[in-house]
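Please keep the structure open as you go.

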Amino acid sequence: MSTVDPNNDAGGDDLRDMVLDAAGRLFADRVGRELWQATEAGEFPRADWDALVEMGLPRALRAEADGGAGLALADGLALAELAGHHALPLPLAETLVGNHLRAGLDGGVDDGVVTLAAADSRLQLRRVGSGWRVDGTLDRIAWGRHAAYVIADADADGAPQRVLLAADDLDWRHDASLAGEPRDSARLADAPVLAAADCPVHTPTVQHWGALLRALQAAGAMRRALALATDYANERRQFGRPIARFQAVQQQLAAMAGEVATAGTAAEAAARAIAADRDAALMIAIGKARVGEAAGRSAAIAHQVLAAMGFTQEHELQYFTRRLWSWRDEFGAEPHWQAIIGEHAIAAGGDGLWPLVSGL
Amino acid sequence: MVSFRFDPVTLPASTLALRDEVRAFLAEELAAGRFTPHRNSWGTFDAEFSRRCGERGFIGMRWPQRYGGCEASALDRHVVIEEMLAAGAPVGAHWIADRQSGNNILANGSEAARASILPRIAAGECYFAIGMSEPDSGSDLASVGMRATRTDGGWRLNGTKIWTSVAHRAHYLIALARTAPPGDDRRAGLTQFIVAIDAANGVTTRPIHNLYGAHEFNEVLFEDTFVPDDMIVGEIGAGWQMVTGELAFERSGPDRILSTFQLLRQLVARLAETADARSNVAVGRLVAHLVTLRQMSWSVAGMLERGASPELEAAMVKDVGTAFEQEIPEIARLLVPEQASLTRGDLYGEALAQSVLSAPCFTIRGGTREILRGIIARGLGLR
C-alpha cells in the first residue's frame, strides 16, 4: 500500500492531464490499420514518430531545461499504458524510459530512439584506459534496427554496470514479435561504450524497467480489448438478439473485466512504487506476474466473444491480442517474476508473510 | 462504457498507528492463549473476544460517539478488519452487526432503534444475523415470500428464513419481508424489519449442519412475530434499495480475500525447508494475487470513505477475491505431500482441511459468482 501520494501536487495533475489528453488525441488520430500494417511490413513510420517527438512525448520525463515536459515519473509512465491502449506501433515507451535513464548516464538527450536491453542479453564490460569496451550479445531488442541507443545492464567483473551503447553501428539480425514489431539481435565484439554509470547498478534494473513498461502497456491493451469485445457483443446479433443478452457471454466478459481491473491495479501499483522508490523491485515483479497472467486470460475471452471475426486480419482486436501475447513474455514471463516473489515470501516465513504483504 | 476505477489509497499516519495498536492487541490475545489463529476467523463465535474488541473501540468504529462509535474513517475500520482476519481472530459474534446491520440501522433506522441497539453492538454485546434468503428465494431475492401484515403499533411477520448464520446465538436479525403484494415491479413492496430472535415472540431457530458437521447456519421460522413500528428500517416498501446498497459494504472487504489466508501462512511456513523452483513459482503467484487484490479492496474502502457507492467495483473484488481464496487449497495440496485432516493435530493439515471443506461457500455467500458477474455485466453495458 502506498503511504506517500506521488500525485498530491495539483499543478502536477494539470500537467499530467494536459499531456495525456494531447497524447491520446494524437494516438487516436494516427494509430490504425494503416500504421500497424506498415510497421509489420518492416517500415519505420518516420512521420508519425516525428509527430510524437514534436509533441515532446519521448522526452516527457526529462527536465524542461533538456527540452522535456518535466513530468513526474508516475505521470509519465501513464503514457505507456495509454500507448498500449492504442497499440501504438512505435518505440515510445522504451524511449520515454530510455531518455529518463540516460539522464543518469551521459546526461544527453536527442530525438533518436532509445531502447532497453531485454533480460536475455549478455554483455561483458572491459576497462580500456579510462573508458570501457563491451563484448557479448543483445537478444531480441525492441526496435533495435531503428534505435540510436541501447541501454543495458552489463557485467563488469561480476558487478552490474549500466551502459549506454550506440545502436546504429550494430549489425542487427532482424526478427519480429508476435505483433510484427521489430525484435532484433546483435553481436558486440570490442564495441565502444558511450557512457557508463559511475557506480554499480542496483534495482530497479533495466529488466525491471522493461517489465514495468510491458505491464503498463498490456494493462492498456487489455482495457481496449475489453471495450472491443463488449462493443462487439452488443452489436452482433444471433438467435434474434445481440449476443450480449446471453448469460454465457455476459459471464465470460464479466470474468474478463475482473482480469482487466486486476491488471490495471497491479501495473499502476508497480509504477507508483518505482516513482516513490519504495519496494519497486518487488512491486514490479508482482505487477508483471499478475498482468502476464491476466493478459492470456483476457485475450482468450475476447477472442471467444468475437469468434471467427476476431480471428481475421479484418478486425482490429488482433493488433491488441498479439501484443498481449508478446508483452507477457518479454522482460521475464510470469514464472521468472513469481519465483522471485515466492522466494521473498518463503524467506519471510509464515509469521512474516502478513507483515510483508501488508507493508507493500 | 468500461467504467470501473480502482484509484490508489494513501493511508494516513493515524491509520498506520491504528494498525500497530490492533497488532499489539492481537499479540496480547495470542500470548494469553485466547484464540487459535488457524481456524475460520469470521466463522468463529467468541462473545468474550467480541467484548474485548468492544472495549478497545474496534466495533462500530465509524458510528457517531453518541451511539458508541469513534467516528473513525472507512480506512481505519478497514485496517482493523484486515488485521483481525489476517491474524485469524475469532470475530464471528459481532461480524454481521459490525459489517452491515449496524450501518443499516444507523443510516435507515429509527432513533429508538439506533439508541437502543447500536451502543450494545459497539460494546461487543449484541449480535445480528441476516434475514434475506428463504427456502424458495436465494439469488432471486426479490421473490421473498415472508409476509408482514399491519397490526396495532407495528407489523406481524409470518414466514421462513434460511441459511441464517449465527441466528442461534444472535440477538436480532434484519428480515426482508413483503409489506405489499408483488406488482409489476417485483422489487417494490419489500421492507426491512429488526426482529428480536425470541421464542416467546414466535421466532424458532432450527440448526442446519453444514457439510463438515458444523452448526453455523439455521432455518428461522416466524409465526405472528410482532415487530413494533420503531423497528422498521427505512421507508415501508423501500427495502430493495437498502439491501442492494448494503452489499457494497458486504462484498469488497478483506473477508472476500483472506478466508484461506491461514492456509497460505501455514503453507509458507511448511515450505521453509523444502522450497524449490516449483513451489517458489506457485507461492509467488498466490502472493502476487493477494497483494493486488488487497490494493483493490483498499481502493473500494477509499471510495466508500469519499461517499461513493462502488457497487461494480465491489462485485469485482468479491468475484476475483473469492476465486483466489478457493485456489489456495487447490495449489497447496500439490506442493506439500500431506493429506488434509481436521483431526491429525498439525496446523498445516488442519488449515488445509478447513479450507477445502469451506471453499465451496466462498463463491455462494453474499451473492453467488453468477449473480456478481451479472452485476458486472450490467456495469459493462451488456444488459
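1. A UniProt annotation from an unreviewed entry, "domain: Acyl-CoA oxidase/dehydrogenase middle", covers residues 129–224 of chain B. UniProt positions are given in the numbering used here, feature names are shortened, and such annotations may be inferred rather than shown by experiment. Over residues 129–224 of chain B, the chain is 0% helix and 50% strand, and the end C-alpha atoms lie 19 Å apart. Helices (H or I, at least four residues) and strands (E, at least two) are DSSP runs, numbered from the N terminus.

2. A word on the ground rules: this is a predicted model, in which local features need pLDDT of at least 70 and side-chain atom pairs count only at pLDDT 80 or more, while totals for chains, interfaces and linings use all residues. Residues are numbered from 1 along each chain as its sequence is written, and chains are lettered from A and ligands numbered from 1 in the order in which they are written.

3. Chain B as a whole has 11 helices and eight strands. Its C-alpha trace spans about 70 × 50 × 45 Å along the principal axes. A compact globule of 383 residues would have a radius of gyration near 21 Å, and the 21 Å of chain B agrees; this radius is taken over C-alpha atoms, and the globule rule is 2.2 Å times the number of residues to the power 0.38. Of the 383 residues of chain B, 53% count as buried. A residue is buried if 20 or more other C-beta atoms lie within 10 Å of its own, exposed if 12 or fewer, and partly exposed in between, with C-beta atoms placed from the backbone.

4. Which residues of helix 7 of chain B are buried? They are F261(B), Q262(B), L263(B), L264(B), R265(B), Q266(B), L267(B), V268(B) and R270(B). That makes nine of the 10 residues in this helix (residues 261–270), so helix 7 of chain B is largely enclosed by the rest of the structure. The cover over these buried residues includes parts of both chains: helix 10 and helix 11 of chain A, together with helix 3 (74–87), helix 8 (277–305), helix 9 (311–335) and helix 10 (347–362) of chain B.

5. With 14 C-beta neighbours inside 10 Å, G381(B) counts as partly exposed. The C-alpha atoms of G381(B) and S3(B) are 9.4 Å apart, although 378 residues separate the two along the chain.

6. Turning to chain A, there are 11 helices and nine strands. The radius of gyration of chain A is 21 Å, close to the 21 Å that the globule rule gives for 360 residues, so chain A is as compact as a globular protein of that length. Its C-alpha trace spans about 75 × 55 × 40 Å along the principal axes, and 53% of the 360 residues count as buried. An unreviewed UniProt entry places "domain: Acyl-CoA dehydrogenase/oxidase C-terminal" at residues 209–323 of chain A, a stretch that is 83% helix and 3% strand.

7. Chain A is divided into domain 1 (10–98), domain 2 (115–196) and domain 3 (206–358), with bounds from an automatic or database domain assignment. In chain A, 16 residues of domain 1 are in contact with 19 residues of domain 3; two residues are in contact if their C-beta atoms, placed from the backbone, lie within 7 Å. On the domain 1 side, helix 4 of chain A gives the largest share, nine residues.

8. Where do the two chains meet? In all, 45 residues of chain A are in contact with 48 residues of chain B. Helix 7 of chain A gives the most to the chain A side, with 15 residues. The residues on that side divide into 24 nonpolar, 14 polar and seven charged. Here Ala, Val, Leu, Ile, Met, Phe, Trp, Tyr, Cys and Pro count as nonpolar, Asp, Glu, Lys and Arg as charged, and the others, Gly among them, as polar.

9. One residue to look up is L253(A), which touches A229(A), T230(A), A233(A), I301(A), V305(A), A377(B), L380(B) and L382(B), not counting residues up to four places away in sequence.
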